[in-house]
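Visitor: Please show me the sequence and the model, and then I will ask about particular residues.

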Amino acid sequence: MTLAPRILPHLGRALVLALLAFAIFGPLLNLVLWAFAEKWYFPSKLPLEYGLTFWQRVFAPRGNALASLGTSIWIAVLTVIVSLVVAIPAGYALGRLKLPWRGLILLAFLLPQAVPNLPVYVNIAQVFYRIGLAGTITGVVLVHASHGLVLAVWIASAAFASVDASLEEAARNMGASVWTCFRTVTLPLAAPGLMASAIFVFLESVDEFTGTYFVGVPDVTTLPLLMFNASMGGNYQIASITALLLLVPSIAFMLVVERFLKADVLAMVGR
Amino acid sequence: MRVLSDVSLDVARGELVALLGSSGCGKTTLLRSIAGFVTPQSGRIRVAGRDISGLPPEKRGTAMMFQSYALWPHMSVAANIGYGLRMRGVARDAIAKRVDELLALMQMQGFASRSVAQLSGGQRQRVALARALAVDPALLLLDEPMSNLDYKVRIELRHELRALQKRIGITAVYVTHDREEALTLADRIAVLDAGRVVQYGSPEEIFHRPASAFVAGFMGADNAIELTRDGDGRLRSSRTNGGEPVVAHFRSDVARIDASSSASDADLQLHGQVVQTLYVGQGYRYRVHTDGADVWAHASHRIDEGAPVAVVVPRDALLLFPRASSAS
């Protein structure tokens, strides 16, 4: 009797935590089960047989999983390059120079995220079809970059803003021109933040589905598209295995980002 | 906003000039306009006869030591010091030799490959100075380089810096708000107030013959009392009629609280009550509430607060400045 008031709050907290854990890890667990299930019919709560047959099929030399993994990574790398080429000068200008309309420009990069995706992609697909970009890697990269830019530009401008201006002045004072100062002082000091933004753009691109679906199909097949096709065709094993493959870069890079993105850079985001 | 106006200073070769003033007086802006980070609306800046006013910072040949030291955290000590030489296209082994020389000069041998993040405040300061000296600048600019250091390290480095500057004979402009630092380091001091140079002269001149009440107050003569001066030079309370209205400044360490009335007739005597006591090591400093104003005075013994005392200021320790006579 006397224990109840002391235990009850703990019990409540444990229950909430358990529900949260189930909400996060439940679907993932299901994914893992499906990835290793050989047979799993309706009334049974768990797979009837476990095995690696489907893994063999996915990784077979003739299987298209590896090919689409390659496509996904190639597109992601190109998207990162395009985003950084824009984000480095834009981020420097927004983070370092006293620009008028600064807030508005930063907000403009948010627009692709703010409006509903589907109508935009339908339109883009139509335009790209007319100019011959539909079904090309270039087309998909452009769509991914439009999405990745908001992250890239915002983080890059924060990274540049967090570089102490007196460090640049010291370089100029020691005889460095504007460009040399940028190359030898500003850029290396902003590099961790730029690295983090590159990783975010990469992950965003690897995961992207909607835009790729409208612009890339049928010639460009990325991993998310393969997964979609597999699960639409009822092939849950293939879908689960590709889903697990997609998790690998996300988790690996998240650990890296956590090291690169320091609090002082984060504090400057959106400033 | 106008930060500086009517500033005209000449610095002789090999001389160390201190720009002294409180924060916001424009001393750092003056230094930054010499370095080229601030463009003056008008006027000329010349170094060794060469007009540098229109040049970008990298072409001015000045070397600045920053208040925050501004060492590049992604470079080693050697790379920091050698940066200016690399920019000037000096050969790699010549740079290494020069860096070693400077590290020896700074008594920091063996630190070349260290990261600047591993250095103490005093060591960072030395590296920053070595970086500035590496390029043999025509003019060395120092922006409050000691303000981030502990008192003890500061005093030590101050003496080192002065000895070093004398030895290599470099021309330097040193910004500080610390009068003691300016007095001990500089050949000449320019006192700045509200964007103007209010006095420019040797430390002795500034200290003993301040040109204005402001300079006197800034140099430590912060006791001020309004008096009138008679035709024969005698000082009297400002309440008396006639005579020339003056304000007398004096330092609190020359104002003695004396029980024995050994004061000569010429000395200033102020009567009042002790209202505050500070122990300062070599005695006590008292705030004395007198008829005209509160003044700070020194005594070697302890006096109770509220006690009536006489403050004696020697005549020759008084700095007199004219004042507008009050209408009362």
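Visitor: What is the relative accessible area of B:Arg229?
Guide: The model is predicted, so to speak of local features pLDDT must be at least 70 and for side-chain atom pairs 80 or more, while totals for chains, interfaces and linings use all residues, and side-chain values use heavy atoms without hydrogens or water. Residues are numbered from 1 along each chain as its sequence is written, with chains lettered from A and ligands numbered from 1 in the order in which they are written. Buried means under 20% relative accessible area, exposed over 50%, and partly exposed in between, with a 1.4 Å probe and protein chains only. B:Arg229 counts as partly exposed because its relative accessible area is 26%.

Visitor: Which residue forms a salt bridge with B:Arg229?
Guide: A salt bridge needs a side-chain nitrogen of Lys or Arg within 4 Å of a carboxyl oxygen of Asp or Glu. For B:Arg229 the closest N and O atoms are 3.2 Å apart, and the partner is B:Glu244.

Visitor: How many residues apart in sequence are the parts that B:Glu244 and B:Arg229 tie together?
Guide: Helices (H or I, at least four residues) and strands (E, at least two) are DSSP runs numbered from the N terminus. B:Glu244 belongs to strand E11 (residues 244-250) of chain B and B:Arg229 to strand E9 (residues 223-229), so the pair ties together parts whose separation in residues is 15.

Visitor: Which residues are joined into one network by salt bridges that share partners?
Guide: Shared partners link salt bridges into one network. Its members are B:Arg158, B:Asp178, B:Glu180 and B:Glu181.

Visitor: Is B:Thr277 buried or exposed?
Guide: B:Thr277 sits in strand E13 (residues 268-279) of chain B. Because its relative accessible area is 16%, B:Thr277 is buried.

Visitor: With which side chain does the side chain of B:Thr277 make a polar contact?
Guide: Contact means heavy atoms within 4.5 Å, and beyond its neighbours within four places in sequence B:Thr277 has such contacts with residues including B:Tyr284, B:Arg302 and B:Ile303. A polar contact is a pair of N or O atoms within 3.5 Å; within protein, one must be able to donate a hydrogen and the other to accept it, and residues adjacent in sequence count only if both atoms are side-chain atoms. At 3.2 Å, the partner is B:Glu305.

Visitor: How much area do chain A and chain B bury between them?
Guide: In this interface 19 residues of chain A are in contact with 24 residues of chain B. Buried area is the accessible area (1.4 Å probe) that two parts lose on being put together, summed over both. Carbon and sulfur atoms carry 61% of it, and the total is about 1600 Å².

Visitor: Which residues of chain A lose the most area to chain B?
Guide: Three residues together make up 42% of what the chain A side buries. They are A:Glu169, A:Asn173 and A:Met174.

Visitor: Which residue of chain A forms a salt bridge with B:Glu58?
Guide: Between chain A and chain B the count is two salt bridges. The closest N and O atoms are 2.6 Å apart, and the partner is A:Arg172.

Visitor: Which elements give two or more residues to the side of chain A that touches chain B?
Guide: Nine residue pairs are in polar contact across this interface, both at pLDDT 80 or more. On the chain A side, the elements are helix H8 (165-173) and helix H9 (178-207).

Visitor: Is A:Glu168 buried or exposed?
Guide: A:Glu168 is placed in helix H8 of chain A. Not counting residues up to four places away in sequence, A:Glu168 touches A:Tyr92, A:Arg96, A:Cys181, A:Val185 and A:Thr186. Because its relative accessibility is 9%, A:Glu168 counts as buried.

Visitor: What share of the residues of chain B count as buried?
Guide: Chain B has eight helices and 17 strands, and its C-alpha trace spans about 75 × 45 × 30 Å along the principal axes. Among its 328 residues, the buried share is 46%.
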